[in-house]
Amino acid sequence: MTFSARLKEEIASIPVNIMEARIELYALLRFDGKFENNKITITLENASIARRIYKHVKEIFNINIKVIVRNQKRFRVKQIYILELNEKVNFIKESLELKSDYIETKEDMISFLRGAFLATGSITDPSTSGYHLEFVFHKISDAKLVDKLLKSFNFDSKILKRSNRYMVYIKSAEEISDVIKLLGAINSLFYFEDIRIYRDHKNMVNRLNNCEIANQEKSLTTGMKQVEYINYLKDNDLMSLLDENSKIVCEYRLKYPESSYTELAEIISLETDYKIGKSGINHNFIKVKNLVNKHKNMAK
């Protein structure tokens, strides 16, 4: 079972009052219902959502619902649930004619988004791919409505036209987590957050490793360049122009060409009477470099 399917099952188990159920059902029928003649048809793959719609319709309208279960054998066997409403169809249409500006309270907005997600939403599994939440609609007006409601909760949602449909999506992992929390799916929220923390930690470790490798490469490149300077001074009998401390630093650089400034300073401080830090190492090599450059310029 996919993460989206598990999430929808959890959402479908959340208890709601009669008004919340009414608005949720309005969203489900608006986005997933097919209205024709004197019949309303809802086709679903999720048994939990089918049971929830059945329960809402019975509680709100007290009518019988025809339930058809079919096995679909395309690629893999799965059950399809078809709900047919044949009674009070016009009354249901009129009762569900809630204007979008009527959805005013926070509870109304959450109920509508919950129904919209059950009907058209999905979230990629954070353990197998990137972070992505989406609602898919046939009408741009529906996409704009859901986008408006998401933005009312300060989510950075966006609308994208894809083929002949409109997608409202969120890419931020933190915001997707907040949407799951808003919809009330606490168990799914914990799963999502556990995966997000693990991935963030893994990415941080990778970044630190990359920085360490980069620093090692930088230290090696710097060390070899300084060895080149020291050998130049030796080949041209210029070592005597350096003070004693600089000579010590040069001696240890030849012994430890791959060491960083910090490591070289620690070794020199431990093995000699010359107590030096990272900045002192850098200062001495500036003198070495300047002496080399000065001699090269004079030799031109």
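Which residues line the second largest pocket? They are Asn 215, Lys 218, Ser 219, Thr 222, Gly 223, Arg 253, Ser 259, Ser 260, Tyr 261, Thr 262 and Lys 278. The model is predicted: local features need pLDDT of at least 70, side-chain atom pairs count only at pLDDT 80 or more, and totals for chains, interfaces and linings use all residues. Residues are numbered from 1 along each chain as its sequence is written, and side-chain values use heavy atoms, without hydrogens and water.

**Pocket**

The second largest pocket has a volume of about 200 Å³. A pocket is an open set of points on a 1 Å grid over the protein atoms alone, where a 1.4 Å probe fits, with protein on both sides within 12 Å along at least five of seven lines; lining residues have an atom within 4 Å of a point. Helix 8 (186–235) and helix 10 (261–271) each supply at least two lining residues. Helix 8 gives the most, with 5 residues. Helices are DSSP runs of H or I with at least four residues, and strands are runs of E with at least two. By class, the lining has 1 nonpolar, 7 polar and 3 charged residues.

**Salt bridges**

The structure holds 12 salt bridges. Each needs a side-chain nitrogen of Lys or Arg within 4 Å of a carboxyl oxygen of Asp or Glu. Three of them are tabulated here.

| Pair | N to O distance |
|---|---|
| Glu 134 and Arg 162 | 3.3 Å |
| Lys 158 and Asp 156 | 3.1 Å |
| Lys 247 and Glu 244 | 3.5 Å |

The side chains of Glu 134 and Arg 162 meet in a salt bridge. This pair links distant parts of the chain: Glu 134 is in strand 6 (residues 133–137) and Arg 162 in strand 7 (residues 158–162), 28 residues apart. Glu 134 is buried at 12% relative accessibility, while Arg 162 is partly exposed at 39%. Buried means under 20% relative accessible area, exposed over 50%, and partly exposed in between (1.4 Å probe, protein chains only).

Lys 158 is partly exposed at 39%. Asp 156 is also partly exposed, at 45%.

Lys 247 and Glu 244 are 3 residues apart in helix 9 (residues 244–255), so about one helical turn separates them. Lys 247 is partly exposed at 26%; Glu 244 is exposed at 53%. Elsewhere, salt bridges that share partners join Glu 24, Arg 52 and Arg 114 into one network.

**Surface patch**

Tyr 54, Val 67 and Val 69 form a nonpolar surface patch, with about 240 Å² of accessible area together. Tyr 54 lies in helix 3 (residues 47–61). Tyr 54 is partly exposed, at 32% relative accessible area. Patch residues have over 30% relative accessible area and no salt bridge, and nonpolar side chains are joined within 5 Å.

Conventions: Patches are made of residues with over 30% relative accessible area and no salt bridge: like charges are joined within 9 Å, nonpolar side chains (Val, Leu, Ile, Met, Phe, Trp, Tyr) within 5 Å. Accessible areas come from the Shrake-Rupley method with a 1.4 Å probe; for residues, only the protein chains shown count as cover. Grid points are joined across faces, edges and corners, and a volume is the space filled by probe spheres set on the points. Ala, Val, Leu, Ile, Met, Phe, Trp, Tyr, Cys and Pro count as nonpolar, Asp, Glu, Lys and Arg as charged, and the others, Gly among them, as polar.
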